[in-house]
Amino acid sequence: MATMQAMVLDAPRTPLVMRERPVPALGPGEILVAVAACGVCRTDLHVVDGELEHPKLPIVPGHEIVGRVAALGYGVSGFSIGERVGVPWLGATCGTCPYCCSGAENLCDTPVFTGYTRDGGYATHTIADARFCFALGEAGDDAEVAPWLCAGLIGWRSYCMAGEGRTLGLYGFGAAAHILAQVAVWQGRRVFAFTRKGDTAAQDFARSLGAVWAAGSDDLPPEPLDAAIIFAPVGALVPAALKAVRKGGRVVCGGIHMSDIPSFPYSLLWEERHVLSVANLTRTDAHEFLEIAPKAGVHCEVKRYPLSHANEALSDLREGRLQGAAVLVP
Ligand SMILES: [Zn+2]
Ligand SMILES: [Zn+2]
């Protein structure tokens with residue numbers, strides 16, 4: 001029997017354990033993917049730390065997967081053996097609920113999420129529903145493309161929800177912000193980066209990617225912003241960002257699990273400021289981003305870890321010890 005290696009979470013708040021397992025049998029419509037790289041997303045931390053409830057257990061985390069098609073299940077069309085593909089967070093949807101039927105499959109009532117309710121990419125192999133995978137072509141290094149699959153795709157959805165404004169604040173300058181900053185600069189927008197107080201390395205990193213201004217998240221930008229996206233899991237940033245946007249401005253909570261939002265004076269929301277949240281992604285978001293990212297010349301700054309060092313990658317992300325994105329390479 002063919003076997004694979006996987007980093008497995010048996011229970012929340014315990015370290016992942018490397019296990020050898022049989023390669024699962026392919027169901028109809030599924031593909032077997034030989035993983036070339038898998039990004040480490042903040043959502044993986046929320047799964048490992050028990051902040052996202054009811055994961056499948058044991059679970060193999062990881063939903064920023066770049067790999068090669070190794071086998072095709074019955075009825076799969078549109079992919080060939082050896083082709084490079086991406087597997088994202090949205091693993092499958094029902095296709096029949098009111099959300100799926102109205103173009104909002106990101107809100108599906110009975111979704112499947114890669115690395116949360118089905119095994120993901122912290123492994124040498126993974127199985128995915130082919131309808132929710134994307135052809136990636138051959139351009140770009142596997143590890144440098146991996147963060148596109150979540151930081152890029154859900155970041156793109158958040159970016160679209162922020163509207164067409166010319167000035168954009170990004171709170172939390174990690175994997176998603178460093179990708180979307182490049183898209184925004186390429187589109188001629190002015191990016192204002194907000195980091196943890198005193199994190200001058202992250203502020204320098206933001207400036208190196210074209211941000212016109214970078215400071216701590218308590219600071220006010222030199223001019224009111226058209227919109228702000230919060231990529232850090234910190235509810236207190238919602239009132240902070242509302243202070244930074246102009247009348248009618250938007251504050252987007254960018255697809256993350258956030259701590260409670262402290263109460264704040266109504267005057268911060270007054271004058272038609274908006275607070276929005278982004279949940280998950282649609283395949284349309286993915287197709288749009290995968291088309292625009294190469295045109296914008298998006299380049300991910302990555303730190304590579306061997307698969308067996310997944311726990312170290314997770315703690316580095318938790319402690320804010322890296323710039324850009326952590327990526328596991330089996
Ligand atoms: Zn549905
Ligand atoms: Zn993610």
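Reader: Which residues line the largest cavity?
Author: This is a predicted model, where local features need pLDDT of at least 70, side-chain atom pairs count only at pLDDT 80 or more, and totals for chains, interfaces and linings use all residues. Residues are numbered from 1 along each chain as written, chains are lettered from A and ligands numbered from 1 in written order, and side-chain values use heavy atoms, without hydrogens and water. A cavity is a set of points on a 1 Å grid over the protein atoms alone where a 1.4 Å probe fits but cannot get out, and lining residues have an atom within 4 Å of a point. The lining is Val87, Pro88, Gly91, Thr114, Arg118, Asp119, Thr126, Ile127, Ala128, Asp129, Phe132 and Cys133.

Reader: What is the volume of the largest cavity?
Author: The structure holds 1 cavity of 30 Å³ or more. A volume is the space filled by probe spheres set on the grid points, which are joined across faces, edges and corners. For the largest cavity it is about 50 Å³.

Reader: Which strand gives the most to that lining?
Author: Strands are DSSP runs (E, at least two residues) and helices likewise (H or I, at least four), numbered from the N terminus. The top contributor gives 4 residues, and it is strand S8 (residues 125-129).

Reader: How are H3 and H7 oriented to each other?
Author: The axes of H3 (residues 151-161) and H7 (residues 283-295) come within 9 Å and cross at roughly 100°. Axes are lines fitted to C-alpha atoms over the stretch in contact, with angles from 0 to 180 degrees between N-to-C directions. Angles of 65 to 115 degrees count as roughly perpendicular. H3 and H7 are therefore roughly perpendicular.

Reader: Which protein donors hold the zinc ion (ligand 2)?
Author: Donors are N, O and S atoms within 2.8 Å of the metal (3.2 Å for Na, K and Ca); water is not among the atoms, so sites may look incomplete. The spacing along the chain is C-x21-H-x86-C. At 2.0 to 2.2 Å from the zinc ion, the donors are Cys41 (SG), His63 (NE2) and Cys150 (SG).

Reader: Where is Pro58?
Author: A cis peptide bond joins Leu57 and Pro58, with omega about -10°. Pro58 sits in the loop between H1 and S4.

Reader: Where does Glu272 lie?
Author: Glu272 has phi near 60°, a positive value in a residue other than glycine. Its place is the loop between strand S14 (245-253) and strand S15 (274-277).

How values were computed:
1 Å grid on protein atoms, 1.4 Å probe; cavity = no way out; pocket = protein on both sides within 12 Å on 5 of 7 lines; lining within 4 Å. Parallel < 35°, antiparallel > 145°, perpendicular 65-115°, else oblique.
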